[in-house]
Amino acid sequence: MRFATLPLDGPGHPEGIAADSKGNIYVATFEFTEPNVIYIFRNNGHLQDTISLPGAVPLGLAFDATGKLYVADFGNGQVLQFSPPFNPNSTPSKVISVCAGAGAACGLNGLAFDAAGSLYVSDSFGGNIFKVLLPAGTVSLFVNHDLLTAGSHGFPPFGANGLAFSADGNSLFVANTADDRILIVDVSTKAVSVFTESVNGADGLVFDEKGRLWVAANQADEVVALDANGRVVERRGSFDGIGQDGAPKGLLFPASIVLSNGSIYVTNLALVLTGGPSEPEADVTTFTVSRIPLAGH
């Protein structure tokens with residue numbers, strides 16, 4: 001299941017993930033005590049390059065149709081655009097201010113593109129989804145709703161998170177992490193409704209070729225596939241302890257997922273949330289990305 005291992009001498013806690021047209025896998029780290037980076041892994045799991053992100057706290061990653069890479073800067077309320085080629089000297093070709101200056105009220109997280117090439121960004125703290133018209137970078141509020149906030153129990157303390165459009169583009173699916181729900185936003189009316197409940201720590205989302213919606217359940221240490229009725233039709237992954245090298249066996253706090261070449265790639269965030277010694281994440285010293293082949297590939 002292990003696809004790649006993050007360098008031991010660099011930042012850890014892999015969170016955001018994306019795949020380019022060649023099958024290379026891009027992984028963003030989610031650190032607050034050292035500068036973050038995006039690791040670029042070849043499709044064989046070997047590290048190819050690193051993009052430095054000084055001052056940024058990245059979460060969601062996504063490529064547009066032209067090969068530009070977009071990064072949700074959770075810590076600064078902005079989206080960073082990078083143009084190829086990507087290497088350690090890459091700097092943003094555009095910085096899009098989405099909710100900069102909002103402070104703790106803003107937490108940019110998930111990213112998704114519609115068929116027209118507009119970018120949608122979730123705000124986990126404000127209960128917002130923003131729409132960004134490209135290439136101009138014009139930002140507007142797409143929807144604000146109480147269902148998109150952190151919910152009643154609030155753990156993990158994120159509201160609107162992963163985003164994915166239906167194949168017809170009529171619906172935007174939103175993982176709402178804190179209340180364990182997947183929501184649907186009607187693109188035409190902007191009405192928000194509940195698609196399914198009880199996905200423990202619903203985080204990253206991606207549709208597969210069969211139309212199933214895969215969800216990273218970060219508190220269940222698994223990924224689940226949902227059918228058109230919101231029913232779980234497949235479960236993959238589990239947490240089987242910490243190996244001798246300090247890496248999780250299986251999945252541990254799976255945060256983001258991407259589909260590439262018939263496999264799902266999953267970041268094992270392994271984030272300690274409560275600070276208590278009972279969390280296995282506290283024992284992780286080696287951070288990993290997992291690969292789950294889908295049936296038929």
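View 1. Strands are DSSP runs (E, at least two residues), numbered from the N terminus, and two of them pair if DSSP finds at least two bridges between them. This is a predicted model, so to speak of local features takes a pLDDT of at least 70 and side-chain atom pairs count only at pLDDT 80 or more, while totals for chains, interfaces and linings use all residues. Residues are numbered from 1 along each chain as its sequence is written, and side-chain values use heavy atoms, with hydrogens and water left out.

**View 2. Zoom in on β20 and β21, which run antiparallel.** Four bridges join β20 (residues 222-226) to β21. Look for A225, which stands opposite E234 in β21.

**View 3. Here is the largest pocket, with about 1100 Å³ of space.** A pocket is an open set of points on a 1 Å grid over the protein atoms alone, with protein on both sides within 12 Å along at least five of seven lines; lining residues have an atom within 4 Å of a point. The volume is the space filled by probe spheres set on the points, which are joined across faces, edges and corners. There are 49 lining residues, and A112, L163, A164, L205 and V206 lie nearest the centre. β2 (14-19), β6 (58-63), β10 (108-113), β14 (160-165), β18 and β24 (254-260) each put at least two residues into the lining. The lining splits into 27 nonpolar, 14 polar and eight charged residues. Nonpolar here covers Ala, Val, Leu, Ile, Met, Phe, Trp, Tyr, Cys and Pro; Asp, Glu, Lys and Arg are charged, and the others, Gly among them, are polar.

**View 4. β24 gives the largest pocket the largest share of its lining, six residues.** Six of the seven residues of β24 are buried, so the strand is largely enclosed by the rest of the structure; buried means under 20% relative accessible area with a 1.4 Å probe, protein chains only. Five bridges pair β24 with β25 (residues 263-268) in the antiparallel sense, and I257 has V266 in β25 as its bridge partner. The two strands form a hairpin with two residues between them, where N261 in the turn has a positive phi of about 50 degrees.

**View 5. The second largest pocket holds about 160 Å³ of space.** Its lining includes D20, K22, Y26, F63 and F86. By type, the lining has six nonpolar, four polar and two charged residues.

**View 6. One cavity of 30 Å³ or more turns up.** A cavity is a set of grid points where a 1.4 Å probe fits but cannot get out. This one, the largest cavity, has about 90 Å³ of space. Of its 13 lining residues, E15, F158, D203, F253 and L269 are closest to the centre. Eight lining residues are nonpolar, three polar and two charged.

**View 7. The largest nonpolar core has 17 residues.** Such a core is a set of buried Ala, Val, Leu, Ile, Met, Phe, Trp, Tyr and Cys residues joined through side-chain atoms within 4.5 Å. F3, I17, I25, F41 and V289 have the most contacts inside it. β1 (2-5), β2, β3 (25-29) and β4 (36-41) each supply at least two residues, with the largest share, three residues, coming from β4.

How values were computed
Buried means under 20% relative accessible area, exposed over 50%, partly exposed in between (1.4 Å probe, protein chains only).
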